[in-house]
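User: I'd like to go through the labels on this model and see what backs each of them. Can we start with the charged pairs?

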Amino acid sequence: MKKYTDEELGLEFEAAVFDGVTTCYNNCVFCFVDQMIPGMRESLYVRDDDYRLSFLYGNFITLTNMKEEDFEQIIKTHMSPLYISVHATRPEVRCQMMNNRFAGELMSKINRLVEAGISIHTQIVCCPGYNDGEVLEQTYRDLEALAPMVETMAVVPVGITKHREHLTPMRLFSKPEAAAIVDKVTVWQQECRKKFGKSFVYLGDEFYLLAEKTTP
């Protein structure tokens with residue numbers, strides 16, 4: 001039987017990957033899965049960290065569980081863009097936040113992908129006392145230096161639920177702290193619009209709500 005170009009193949013796959021989803025090796029201080037409400041659907045408790053899902057669906061990955069053959073596959077098949085959870089480019093801070101001694105190798109891995117023509121969107125889960133202040137500024141400078149291959153930097157404040165038993169102590173940003181971040185990022189956005197024609201760095205709405213500022 002002949003199949004025409006615009007005809008469906010007639011196959012439906014049960015999952016996006018056939019060998020199981022690659023899961024996360026980290027134990028992040030801010031992990032939302034750790035503080036999920038009990039009794040929800042099973043998929044909400046999966047700590048996915050799979051570069052294939054990053055390419056297919058925009059899931060954020062950490063790059064900490066990837067082998068040499070994974071990088072080779074990404075580069076060979078040009079799986080671009082990828083979405084990477086950065087959190088901090090300062091090695092010791094990223095290792096501390098992710099409880100993984102290999103997490104500090106991030107920038108060498110990002111540089112390898114960028115040099116191979118893979119574009120990247122990045123995300124920072126910002127936690128008070130960890131990766132705000134000077135650390136956040138360094139993260140911005142490091143990522144902005146790799147634009148336009150690093151296309152965006154999203155910054156969201158840590159989320160906390162009441163289900164944080166036996167986890168690392170964590171708090172939300174105060175109003176003055178959130179306002180300071182909004183003011184700083186606003187300046188960075190102005191810089192980037194002049195250089196790249198777009199804001200590059202974007203804040204989650206929660207920062208503006210915490211700071212009681214108008215959402216742009």
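Analyst: A salt bridge here is a side-chain nitrogen of Lys or Arg within 4 Å of a carboxyl oxygen of Asp or Glu. The structure holds 11 salt bridges. Keep in mind that this is a predicted model, where local features need pLDDT of at least 70, side-chain atom pairs count only at pLDDT 80 or more, and totals for chains, interfaces and linings use all residues. Residues are numbered from 1 along each chain as its sequence is written, and side-chain values use heavy atoms, with hydrogens and water left out.

User: What makes K109 and E105 a salt bridge?

Analyst: Their closest N and O atoms are 3.8 Å apart, and the cut-off is within 4 Å, so the pair qualifies.

User: Why is K109 called buried?

Analyst: Buried means under 20% relative accessible area, exposed means over 50%, and partly exposed is in between (1.4 Å probe, protein chains only). K109 has 14%, so it is buried.

User: Why are helix 5 and helix 6 called roughly parallel?

Analyst: The axes of helix 5 (residues 133-144) and helix 6 (residues 175-196) come within 12 Å and cross at roughly 15°. Axes are lines fitted to C-alpha atoms, for helices over the stretch in contact, with angles from 0 to 180 degrees between N-to-C directions. Angles under 35 degrees count as roughly parallel, so helix 5 and helix 6 get that label.

User: Which residues form the nonpolar patch on the surface?

Analyst: L9, L11, F13 and F18, with about 540 Å² of accessible area together. Patch members have over 30% relative accessible area and no salt bridge, with nonpolar side chains (Val, Leu, Ile, Met, Phe, Trp, Tyr) joined within 5 Å and like charges within 9 Å. The areas come from the Shrake-Rupley method with a 1.4 Å probe, and for residues only the protein chains shown count as cover.

User: And what makes F18 exposed?

Analyst: F18 has a relative accessible area of 67%, so it is exposed. F18 is found in the segment before helix 1 (51-57).

Key
Helix = DSSP H or I, 4+ residues; strand = E, 2+ residues; numbered from the N terminus. Parallel < 35°, antiparallel > 145°, perpendicular 65-115°, else oblique.
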